[in-house]
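Subject: Structure for you to look at

Dear colleague,

Here is the structure I said I would pass on. My notes on what turned up in it follow below.

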Amino acid sequence: MSDHDTDDLIEDLPLEALPLDAWHRARGARMVPFAGYEMPIQYEGIVAEHLWTRESAGLFDVSHMGQLYISGEGVEAAVEAVLPIDLSTLKHGNPRYSLLLDANGGVLDDLMVTRWSEGFYLVVNGATKWDDIAHLREHLPDEITISHMDDTALLALQGPKASAALERLVTGDSPLASLTFMKGAAFKLGSVDAWISRSGYTGEDGFEISLPAESVAAVADLICAEPEVKPIGLGARDSLRLEAGLPLYGHDMTPETSPIEAGLLFGINKRRRTEGGFPGAERIIREIAEGTARKWVGLKLEGRLPAREGAEVFVGSSKVGVVTSGGFSPTLGVPIAMAYVATPQAATGTTLEVEVRGKRLAATVTPTPFVPHRYHRGS
């Protein structure tokens, strides 16, 4: 699931401290404002942390994310009325990507939904969680309870050696290896009860770990004691997700974008694409049938200069799009970006130009992910 940048934060609001705030500072993290919190952007350097995660395993603190539990009589139908998800096919413990949409089909947030016991566990973006909670309270029936799990922390262990490191530390009714991509279960991590899903936001194999905030420092110490693991900051989290072609809420998708032009059709389950019954369904069903005027695409740029959000995309003298995320790829050694461009210019291989610092840079429409995903899907 995506996260949200700091650009829109109201600077005079007091910043909250993460449960691991002192832990990060003790390890030399450079802290920055992010989604209303002080968060670690890097420890030893963004590129070094990026490459370590690609080669080994990185531990990310994502406790700023909102963790919610929704329950009550008729909860399944109630949740289906506000999300474009088919809960009848969602098995216990398995997370699924979905979207919170407004009445016009614009994206208010992207999120993960997991069936838990008699209700549903949601993980929403940190900068939008209070708006999400307010939106859900307004649109769910009174008999539905929304519990904000604010005494719970969230960690992400990502990278090709994440499984080997975590396996040594957990016990459960089933082995950790039984989890494949987008499956979850309860475990003991050391002596701490934790919910672990095989998921993440880097394109690598890995896990997301929900656990009591009061125990998170001890668990972070335990995980980072494994030789494969280092703590990783938000800077590398962003460059990793960019290489993986994963959208960032507030940039690659907003209330002004629809899931169809953003390439997020997979967030709307098959039954709902025909039946509707969720906010914005009329527009979305129409766009599925008729297409959209623009599409979200990947771009590779020539040279070394990266294009950032807001850079304009051209064909000749005609503006045909705008960059929504961009940077230099440590893995590929070239600048990459994601942009909305007019549909006629969205085909793979199309040559475009991106204006960066007053210069036009050649760019080519490229399939995403830029770096192949390495999710563990089993045999």
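Strands β13 and β14 pair in the antiparallel sense, over three bridges. β14 covers residues 206–212, and within it I209 is the bridge partner of I196. Please keep in mind throughout that this is a predicted model.

Helix α6, residues 216–224, packs on the sheet. The helix touches β4 (57–61), β10 (152–158), β12 (184–189), β13, β14 and β15, and its direction makes about 10 degrees with that of β10. The sheet itself is open and has seven strands, in the order β11-β12-β13-β14-β10-β4-β15, with mixed pairing. Its edge strands are β11 (170–171) and β15 (229–231), each of which pairs on one side only.

Next, the hairpin. β6 and β7 form it with five residues between them, and they pair in the antiparallel sense over seven bridges. G105, in the turn, has a positive phi of about 85 degrees. Across the two strands, Y97 stands opposite M112 in β7.

Strand β6 (residues 95–101) is mostly covered, with seven of its seven residues buried. In a regular strand, side chains alternate between the two faces of the sheet. In β6, P95, Y97, L99 and L101 point one way, while R96, S98 and L100 point the other way. Both sets are buried.

On the aromatic residues: a search of the whole structure finds five aromatic pairs. One of them is W116 with Y121, which is stacked, at 4.1 Å centre to centre and 5 degrees between the planes. W116 and Y121 are both buried. W116 also pairs with W195: the ring centres are 5.3 Å apart and the planes stand at 65 degrees, so this pair is edge-to-face, the cut-off being over 60 degrees. This second pair links distant parts of the chain, since W116 lies in strand β7 (residues 107–116) and W195 in strand β13 (residues 192–197), 79 residues apart. W195 is buried, as is W116. Together with Y69, the residues W116, Y121 and W195 form one aromatic cluster.

Two charged side chains are placed over rings. The charged end of K230 sits over the ring of W52, 4.1 Å from its centre. R360 lies over the face of F314, at 3.8 Å from the ring centre.

Which residues of helix α4 are buried? In this helix, residues 129–139, they are K129, D132, I133, H135 and L136. Seen down the axis of α4, these residues fall within an arc of 165 degrees, so they line one face of the helix. W130, D131 and E138, on the other side of α4, are exposed.

Last, a histidine. H24 lies in helix α1, residues 21–26. Its relative accessibility is 1%, and because buried means under 20%, H24 counts as buried. Leaving aside residues up to four places away in sequence, H24 touches L18, A29, M31, P40, Y43 and D61.

Regards

Terms used. Residues numbered from 1 in each chain as written. Predicted model: local features only at pLDDT ≥ 70, side-chain atom pairs only at ≥ 80, totals over all residues. Heavy atoms only, no water. Phe/Tyr/Trp six-rings, centres within 6.5 Å; stacked < 30°, edge-to-face > 60°. Buried < 20%, exposed > 50% of the residue type's maximum accessible area, 1.4 Å probe, protein only. Helix = DSSP H or I, 4+ residues; strand = E, 2+ residues; numbered from the N terminus. Lys NZ or Arg CZ within 6 Å of the ring centre and 35° of its normal. Arc of directions from axis to C-beta. Pairing = 2+ DSSP bridges. Contact = heavy atoms within 4.5 Å. Axes fitted to C-alpha atoms, helices over the stretch in contact; angles between N-to-C directions.
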